[in-house]
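Biologist: Please take a close look at one part, the strands and how they pair, and then say what surrounds them. I would like one connected answer, in plain terms.

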Amino acid sequence: MSAFEVSGLTASFGGERVLGPLSLSVDKGDKVALVGRSGAGKSTLIRLLYQQVGQQASLVPQDLGLVNALPVFHNVFMGQLDRHSTWYNGWTLIRPFAADQSVVSQLLGELGMAEKLWTPTAALSGGQRQRVAIARAIYRQSDLLLADEPVSALDGPRAHQVMALLRDRFATSVVAMHDVELALAYCTRIIGIQNGMVALDEPSERLVASDIMSLY
Amino acid sequence: MFSYPTVRTSLIFVAIALVSLLFSDIAITSSNPWQDLGNFFLGVVTPNFFSSEGLMTALLRTVAFAFVGVAVGSASGFLLALVYRFLPVRIFCNFIRAIHELFWALIFLQFFGFHPLTGVLAIAIPYAGIFAKVYSEILDEADPEPRNLLPPGTGVISAFLFARIPDCWHQIRTYTAYRLECGLRSSAILGFVGLPTLGFYLEASFSQGLYSDAGAMLILFYVLIATIPIWVRPKLLPIYVLSAPFFLGEGLPIVWGNVARFFTQDIVPAPLRNGEGLAGLGPWLNDLMVNAALPGIWNTVILTQIALVATGILALLAFPLVSNHFGGPIRRTFGHVFLVIARSTPEYVLAYILLQLWGPSMLPAVVALALHNGGIIGHLIGRQTNSIRLRPDAPKGFNRYTWELTPRVYRSFLAFLFYRWEIIMRETAILGILGIYTLGFYVDSAIQNIHFDRALVLILITALLNIGIDTLGRYIRRKLALQTMPTC
C-alpha cells in the first residue's frame, strides 16, 4: 500500500533548475535512504516532500528548527502542541505537567540525554541539539518520518543507536544521509540522487557499498 | 574623498546648517550669563537634599508616572505590534508617536485637568506607537523554522507562545528596560507643564533662585538613572508595576463637562463654531498659516538643522573620551561621567537651565540638543571603537583618531545621527514652550489664548513635519545603506 506518491516535482534556484522533474512512490513500511553527493538536491527533495504530504510528517530539517531560548523539554513538547488546548499549552510553558515530563524524560533517556531535560537548548552541543530535534519528531508520533542528515553530528555507536530507534518508531521514513554504511544497515530501499534526478532506486539487500559510491 | 557619498551627504548638511545659521537668532541676552552659570554650578556642587519634602515626593511621582506610562504603553504597543502589518495600524502608530509627550500632556490637560490620567496617557500614547513599531520588527526577526515544524492544527496562540515569543523574549525585555529609562526622562519633564514630577520641582527651585535645591534634584535624577540595573530587577518588576498606580497622587478630579465641551466646542474651528460656515474657514486657516504655522515651521527646521550638525560635531569630538584607544583609565572615567550626565539629562531640562542663564534665543536650544544627542551618539560610537582591533604599529593620538578610528565608525555615526534627526526635530518643536519661536511656542500661545482649535491644527502640522523628516531620514539611511538599532 502506498504511503505517498508524488510526481512532476521540480525546484529552481535563481532561475536554474536544481531538482526534477522527479516522481516518487513510497509504500507503507518503506525505509528509504536518500543518498548522493552534497548539493545533489536531497535537502530540497525532503523539503518538497514535507510540503507535498501537507506537513503530516515528522520532519527533522538540517538546521533542526529548535527554539534556542526554551529548555529541551519544551522543544520536545512542541511536537504535540496540536493535541492540547491553548490553556494547557500556555500553562506547560510556565509549569509542565508531570505526565508529560515523564514521557519526554523517558524518550530522552532512550536517546542518552535524560539529564538534559531542563537545559536551555542554546547550551547544548551539536550532537545533543540533533537528538533534541529527533526527540521532537518521535514525540509527534506520526507514521511518516522525513529527515535530513539526522545523525550527521553523532559519533559511531550513538548514530547506530539513533538510527535503530528511528527505524522502530516510524512505520515509513525518508532519510537523507551521506553515510552509506548506515543507509544499508537501517534502510530497506536506497534512492540515489544525482544532479537533481533519481539515478538509483533499489532495495538495499541487492546493493553493496561500492554500488552506491559511484554516485559520489 | 569627495567621491564618498557619506562625505558628500555630510558636507551638504553642514552647508545647510551654515546657511540656517545666517537666519537664526543666536545670542546671549542675559546681563550676567557667566555669573549665573557660575552660581548654578555652585548650586550643583553644594546640593541641598533637605530643603523640603517636596523633592522626595517629586522623585516618587516621577518614578510612578514612568512605570505606569511605560507599562500601559508597552502592553498596548505589544497588541498593536501583532497587527502592525496592516497599513492603517502603521499610519496610526506613526502618527501617535510623532506627537511629543508634552504636546499630549497639553492636550489632555485641557479636558482631564491635573488628573493623574493626563500624565499617564501623555507617556503611554506616544510610547505605544514606538513599542508597536519596534516590537513588530523584533517579532519579524524570529526564526521561522520552529513555526514551520509545528504539527498542523496547532492553535495560533500556542504557536505564538512556543515558537515566536521565546525567541524574541530577550530582545523585547532589553528594549522595554531601555524604554523605561526614556520613560523616566519623559516623566520628569512632564513637570514643566504642571504635573507633580521633578520638572515642576526644578522650575519652582529655579524661579526662586534656589540653585542648591535644583542641583540636588539633578544629582538625584542621575543617581536614579545610573542605578537602574540595581533597582529594576525582573523579580521586582511586577511589584513596581502593580504598586505604581497608587503613587501617582490624587491630582484634581476630572470634570466631565470639560471633556464634552473640549470635543464638541473647543476644538471645532472658530468659524464653524460661530456659524460662519465653510466660507469663514479659508481666512481662518490663512491667518493661522501665515501668523503661526509658517514661522513656526521655518524656525523649527532652521533650529533642527543647526542642532543636527552641532550634535554630529559634538559626538565626533566626544567619542574618544570613552574609547579604549585613547587616554588612561582616569580620563576615560571622567569621559564616561560627562557623557552619562549629557545623555541622562533630558534636552528640555538642559534647554530650560541654559535659557534661564543665557536668556531667550536659539543658542540654549542648540547647545541643549547637541549636548544630549551628542552625548548619546558619542557614547554609542565610543563603545563601538572598543571592539576595533588595531595593528600593533598603528599611529597614536590625533593620527589614530583621524586615520584609523573615525573612518571606521563614520558610517554607523551617520546612521545614528540620521536616526536621531526626527527625534531632534520633535524636541526642537517642543522647546518652543520655553519661549523659542518654534512650533511649540505657537501651540503654547494658542492654548494660553484658549484657541484650542488653532493649537490642535498646529500640533497636527508638527506631527506631519516629524513624519516627513522621519521618512526623509529613512530614505537617506537606505540610500547610503546605513543600518542602526533604535535609540530614544
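This is a predicted model: local features need pLDDT of at least 70, side-chain atom pairs count only at pLDDT 80 or more; totals for chains, interfaces and linings use all residues.

Modeller: A:Glu5 stands opposite A:Ser25, a residue of strand E2 of chain A. In general, strands of a sheet pair through backbone hydrogen bonds, and the sense is either parallel or antiparallel. E1(A) and E2(A) form a hairpin with 2 residues between the strands, and in this hairpin A:Gly14 has a positive phi near 60°.

Now the open sheet. Chain A has an open sheet of 6 strands in the order E4-E5-E6-E3-E7-E8, and its pairing is mixed. Its edges are strand E4 (58-60) and strand E8 (197-203) of chain A, each of which pairs on one side only. From one strand to the next, the twist averages 15°.

Is E3(A) buried or exposed? The strand is mostly covered, since 5 of its 5 residues are buried. The cover is found on both faces: A:Lys31, A:Ala33 and A:Val35 are buried on one side, and A:Val32 and A:Leu34 are buried on the other. Note that A:Lys31 is in the list of buried residues.

Further along the sheet, strand E5 (residues 144-148) of chain A is joined to strand E6 (residues 172-176) of chain A by 5 bridges, and the two run parallel. In that pair A:Leu145 stands opposite A:Ser173. A helix also belongs in this picture: H5 (residues 126-139) of chain A lies across E4 and E5 of chain A, running at about 175° to E4(A).

As a rule, most residues other than glycine have a negative phi. A:Gln141 is in the loop between H5 and E5 of chain A, and its phi is positive, near 60°. A:Gln141 counts as partly exposed because it has 13 C-beta neighbours inside 10 Å, a count between the 12 or fewer of an exposed residue and the 20 or more of a buried one. A:Asn195 is in the loop between E7 and E8 of chain A, and its phi is positive too, near 50°. A:Asn195 is also partly exposed, because it has 13 C-beta neighbours inside 10 Å.

How does a database record divide the chain? An unreviewed UniProt entry lists residues 4-215 of chain A as "domain: ABC transporter". That span is 37% helix and 25% strand, and its end C-alpha atoms lie 26 Å apart.

The contact takes 21 residues from chain A and 20 residues from chain B. On the side of chain A, helix H3 (residues 86-94) gives the most, with 4 residues. The residues of this side of chain A divide into 9 nonpolar, 9 polar and 3 charged.

B:Cys93, B:Ile96, B:Arg97 and B:Ala98 are buried in H4(B), and their cover includes helix H3 (54-82), helix H6 (116-140) and helix H22 (452-479) of chain B. B:Asn94 is in helix H4 of chain B as well, but B:Asn94 is partly exposed, with 17 other C-beta atoms within 10 Å. B:Asn94 touches B:Gly129 and B:Ile467, leaving aside residues up to four places away in sequence. B:Asn94 and B:Leu464 are 370 residues apart in sequence, while their C-alpha atoms are 9.7 Å apart in space.

Methods:
Residues are numbered from 1 along each chain as its sequence is written. Chains are lettered from A and ligands numbered from 1 in the order in which they are written. Two strands pair if DSSP finds at least two bridges between them. UniProt positions are given in the numbering used here, feature names are shortened, and annotations may be inferred rather than shown by experiment. Two residues are in contact if their C-beta atoms, placed from the backbone, lie within 7 Å. Ala, Val, Leu, Ile, Met, Phe, Trp, Tyr, Cys and Pro count as nonpolar, Asp, Glu, Lys and Arg as charged, and the others, Gly among them, as polar. Axes are lines fitted to C-alpha atoms, for helices over the stretch in contact, and angles run from 0 to 180 degrees between N-to-C directions.
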